Amino acid sequence: MLNIAVTGAAGRMGRTLIEAVHRSENEQLRLSAAVQREGSSLIGADAGELAGLGRLGVPIVADLADAEFDLLIDFTLVEPSLRNLEYCRNNDKRLVIGTTGFDERQKDTISEAGKDIPLVFAANMSVGMNLCFHMLKQMSEVLGADSDIEIIETHHRHKLDSPSGTALRLGEVVADSLGRDLNECAVYGREGVSEPRDRNTIGFATVRAGDVVGDHTVLFASEGERVELTHKASSRMTFAKGAVRAAQWLQDQSAGYYDMQDVLGLRD
Ligand code: NAD
């Protein structure tokens with residue numbers, strides 16, 4: 001039996017994760033704890049009722065230390081996520097992190113923790129998007145040198161970080177495939193720029209509107225043709241199911257820092 005805790009239980013992803021764990025066809029997976037930030041009016045409420053599933057007998061607690069679990073799934077914010085990482089590292093718990101918005105130093109802290117505990121960290125847990133990452137590598141190698149490359153993303157109006165963690169990851173895949181450093185070739189805005197486009201740059205465009213769950217397009221435009229790789233998430237359940245798949249896979253792994261390419265067996 002794998003006892004799973006979900007942090008940020010009342011958040012958009014938290015509620016979806018509670019449902020995904022509960023509805024998982026793997027009978028070995030069990031929601032054992034749900035955690036919501038201190039001061040929330042939902043502390044003490046039933047996690048199943050919060051997620052619209054009916055009573056599950058799992059009361060929401062304010063502190064991870066009050067939760068019994070083997071593995072934590074964390075989709076919260078940068079600071080709470082790093083605190084939860086620390087807790088799991090100190091208490092030998094497995095961890096799936098879906099939070100986005102970490103800077104490079106914080107990402108290093110996460111990968112360091114992989115020396116002590118098994119953890120999966122992925123800015124996008126969708127199976128389809130992870131297949132896109134895989135195909136993008138080949139597309140970049142074939143089309144990249146001759147194309148202008150732009151990454152366009154759209155998300156709902158509540159999203160805090162931009163560009164999205166997924167858009168940045170797409171940029172990294174392209175840059176790595178072409179032997180470029182994303183920090184040096186990314187262009188995040190063109191207001192006030194009045195010069196022709198530099199072929200070696202990778203452009204990003206961010207749209208925030210309505211209730212869009214997450215659309216990403218990578219555009220390769222050269223003279224005579226355009227190739228677009230587009231992924232559209234229509235429900236948060238795709239991310240939640242990916243996180244549950246990662247949890248299930250992590251059950252059998254030793255300490256290490258993994259991502260969804262490892263979970264899906266797509267690592268080269
Ligand atoms: P949300 O705002 O709906 O939920 C955030 C949760 O974090 C809430 O439950 C909130 O109470 C909790 N929280 C906020 N501050 C806290 C604190 N100080 N201490 C403890 N808990 C705190 O956001 P969301 O849409 O559910 O997204 C959560 C995160 O997941 C974001 O970083 C988002 O970008 C990311 N995300 C990742 C994927 C993926 O596939 N990896 C998919 C969707 C969203």
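This is a predicted model: local features need pLDDT of at least 70, side-chain atom pairs count only at pLDDT 80 or more; totals for chains, interfaces and linings use all residues.
Leaving aside neighbours within four places in sequence, Glu-153 is in contact with Ser-162, Pro-163, Ser-164, Ala-167, Ala-205, Thr-206, Val-207, Arg-208, Asp-215 and His-216. The largest nonpolar core has 41 residues, and 21 residues surround the ligand.

**Around Glu-153**

- Glu-153 belongs to strand β7, which runs over residues 148-155, and the residue counts as buried because its relative accessible area is 1%, against a cut-off of under 20%.
- The side chains of Glu-153 and Thr-206 are joined by a polar contact of 3.4 Å, and Thr-206 is also one of the residues listed in contact with Glu-153.
- Gly-214 lies 61 residues away from Glu-153 in sequence, yet the two C-alpha atoms are 7.3 Å apart in space.
- Two of the contacts of Glu-153, Ser-162 and Pro-163, are linked to each other by a cis peptide bond, with omega near -5 degrees.
- Pro-163 itself sits in the loop that lies between β7 and α6, the latter covering residues 165-177.

**Nonpolar cores**

- Within the largest nonpolar core, of 41 residues, those with the most contacts inside it are Ile-4, Leu-17, Ile-18, Leu-71, Ile-73 and Val-96.
- At least two residues of this core are supplied by each of β1 (2-7), α1 (12-23), β2 (29-35), α2 (47-50), β4 (71-74), α8 (237-250) and α9 (260-263), and the largest share, eight residues, comes from α8.
- Apart from this core lies another, of 21 residues, which includes Met-129, Leu-136, Leu-182 and Phe-220.
- Once its neighbours within four places in sequence are left aside, Ile-18 is in contact with Val-6, Ala-9, Leu-31, Ala-34, Ala-47, Ala-51, Leu-53 and Leu-56.

**Helices α1 and α8**

- Helix α1 has 12 residues and reaches 17 Å from its first C-alpha to its last, which is close to the 16 Å expected at 1.5 Å a residue.
- The buried residues in α1 are Met-13, Gly-14, Thr-16, Leu-17, Ile-18, Ala-20 and Val-21, and the buried residues of this helix pack against β1, β2, α2, β4 and α8.
- Thr-16, a residue of helix α1, is classed as buried because its relative accessible area is 13%, where the limit is under 20%.
- Beyond its neighbours within four places in sequence, Thr-16 is in contact with Arg-236, Met-237 and Ala-240, and among these Met-237 and Ala-240 are buried residues of α8.
- Helix α8 has 14 residues and a reach of 19 Å from first C-alpha to last, close to the 20 Å expected at 1.5 Å a residue.
- In α8 the buried residues are Met-237, Phe-239, Ala-240, Gly-242, Ala-243, Val-244, Ala-246, Ala-247 and Leu-250.

**Ligand surroundings**

- Of the 21 residues that surround the ligand, the closest are Arg-12, Met-13, Gln-36, Thr-100 and Met-125; Met-13 is also one of the buried residues in α1.
- A nitrogen atom of the ligand lies 3.3 Å from a polar side-chain atom of Arg-37, and a nitrogen atom of the ligand is 3.0 Å from a polar backbone atom of Ala-122.
- A polar backbone atom of Thr-76 is 3.4 Å from an oxygen atom of the ligand.
- The ligand taken alone exposes 870 Å², and the protein buries 80% of that area.

**Exposed loop residues**

- Asp-92, in the loop between α3 (78-90) and β5 (94-97), has phi near 55 degrees, a positive value in a residue other than glycine.
- Asp-92 is exposed, because its relative accessible area is 59% and the cut-off for exposure is over 50%.
- Ala-145, placed in the loop between α5 (127-143) and β7, is likewise exposed, with a relative accessible area of 64%.
- With neighbours within four places in sequence left aside, Ala-145 is in contact with Ser-140, Leu-178 and Arg-199.
- The C-alpha atoms of Ala-145 and Thr-201 are separated by 11 Å, although the two residues are 56 residues apart along the chain.

Note on methods: Residues are numbered from 1 along each chain as its sequence is written. Side-chain values use heavy atoms; hydrogens and water are left out. A nonpolar core is a set of buried Ala, Val, Leu, Ile, Met, Phe, Trp, Tyr and Cys residues joined through side-chain atoms within 4.5 Å. Buried means under 20% relative accessible area, exposed over 50%, partly exposed in between (1.4 Å probe, protein chains only). Helices (H or I, at least four residues) and strands (E, at least two) are DSSP runs, numbered from the N terminus. Contact means heavy atoms within 4.5 Å. A residue is near a molecule or strand if one of its heavy atoms lies within 4 Å of it. A polar contact is a pair of N or O atoms within 3.5 Å; within protein, one must be able to donate a hydrogen and the other to accept it, and residues adjacent in sequence count only if both atoms are side-chain atoms. Accessible areas come from the Shrake-Rupley method with a 1.4 Å probe; for residues, only the protein chains shown count as cover. The expected span of a helix is 1.5 Å times one less than its number of residues.
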